[in-house]
Amino acid sequence: MAWTKQMPARPVVAIAGATGAVGQEFLRVLHELDFPASEVRALASARSAGKKVAFEGCGDVPAGELVVREMTPEAFEGVDIALFSAGGDVSKRMRDAVVAAGAVMIDNSSAFRMDEDVPLVVPEVNPEDVAWHSGVIANPNCSTIQMVVALKPLYELSRIKRVVVSTYQAASGAGAAAMNELYEQTRAFLDGTPDDELTVEAFRHRIAFNCIPHIDVFLDDGSTKEEWKMVVETKKIMHDDDLAVSATCVRVPVLRCHGEAINVEFEDEVPVDEARRALEAAPGVCVMDDMDAAAYPMPGLLAHTTDTYVGRLRQDPSVAHGIAFWDVADQIRKGAALNAVQIAQLLLP
């Protein structure tokens, strides 16, 4: 059943998981977009209650500090939009309380993404899907988001039959603790600490000076859950169950920004120049593709940016109608916080 409650022009916004990496990014994005909030509540676990988080203000909320409140069912009373990045278990536990309070949950976890009554939304791709939410809207997986932002304008040129993607995913995708582990491991490794004495907690193996082809758990078919997410989420967002997707997801020693090598097979011929023009005109896409100047997207140089960057556009000669390209976006921003706040903007009257 679709949501029928009217969203106020100046909603009350709750940040669930306000002390985490994405929660902090929520606050920055709300400020940068000057989201028209009448109130912003910072919510987190009981151990974080009472802490203060800096906020530069938005809407009717002045710059200053927000006092973190414990995230309880009662904390959502009077809330209109709840931006969640506190883990799937917390989202599941709080869903009924959020919806009962009359708020819309925009959830960054994988808890509800494939539920039939939950839209999975990337505003540049399928904004119309917010119309049928029933109190919960899911934010897709970070690596899926940046890929479909680039696929959408290409799909409009010709239906895409198949996508093969290999990801180069930053430590930020595993949270703030993983980013700190990359820092500390790198320092220790350069200081000569043996491998068996390095602290390895956020990942299964050392991430410093290494690549790990293992994100999330392995499934029975040998793929990982992260790869499965990219397959099924892309189909749902693009509204095409017949779209074939093959993904290999790899964690690399980069702090922020995921990179993706993408090969696309179309039903009809799509010249590279035509694809380039479509990408240049697409919302949320920045084409950075100048071979003579060695200009192409690089994760280490694009942290804290908002667009999805595309480069290395070229023909894929291995299929009849193929194009290959390289795609980079900041995982914490477009891959998480920015996409969620853009969904919240779609809800405004």
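Ala, Val, Leu, Ile, Met, Phe, Trp, Tyr, Cys and Pro are counted here as nonpolar, Asp, Glu, Lys and Arg as charged, and the others, Gly among them, as polar. On this basis, the lining of the largest pocket divides into 12 nonpolar, 18 polar and seven charged residues. The model is predicted.

The largest pocket holds about 940 Å³ of space. It is lined by 37 residues, of which Ser85, Ala86, Gly87, Asn108 and Gly175 are the closest to its centre. Three helices each supply at least two lining residues: helix 1 (21-32), helix 2 (88-100) and helix 5 (225-238).

Phe76 and Phe84 are both buried. Tyr168 and Trp326 form an edge-to-face pair, with 5.2 Å between centres and 80° between planes. This pair links distant parts of the chain. Tyr168 lies in strand 9 (residues 160-169) and Trp326 in strand 14 (residues 322-329), 158 residues apart. Tyr168 has a relative accessible area of 37%, so it is partly exposed. Trp326 counts as buried because its relative accessibility is 17%, and the cut-off for buried is under 20%.

Helix 7 spans residues 333-347, 15 residues in all. Its first and last C-alpha atoms are 19 Å apart, close to the expected 21 Å. A kink of about 35° is centred on Asn339.

Key. Residues numbered from 1 in each chain as written. Predicted model: local features only at pLDDT ≥ 70, side-chain atom pairs only at ≥ 80, totals over all residues. Heavy atoms only, no water. Helix = DSSP H or I, 4+ residues; strand = E, 2+ residues; numbered from the N terminus. Expected span 1.5 Å × (residues − 1). Bend = angle between axes of the 7 residues up to and from the residue. 1 Å grid on protein atoms, 1.4 Å probe; cavity = no way out; pocket = protein on both sides within 12 Å on 5 of 7 lines; lining within 4 Å. Points joined across faces, edges and corners; volume = space filled by probe spheres on them. Buried < 20%, exposed > 50% of the residue type's maximum accessible area, 1.4 Å probe, protein only. Phe/Tyr/Trp six-rings, centres within 6.5 Å; stacked < 30°, edge-to-face > 60°.
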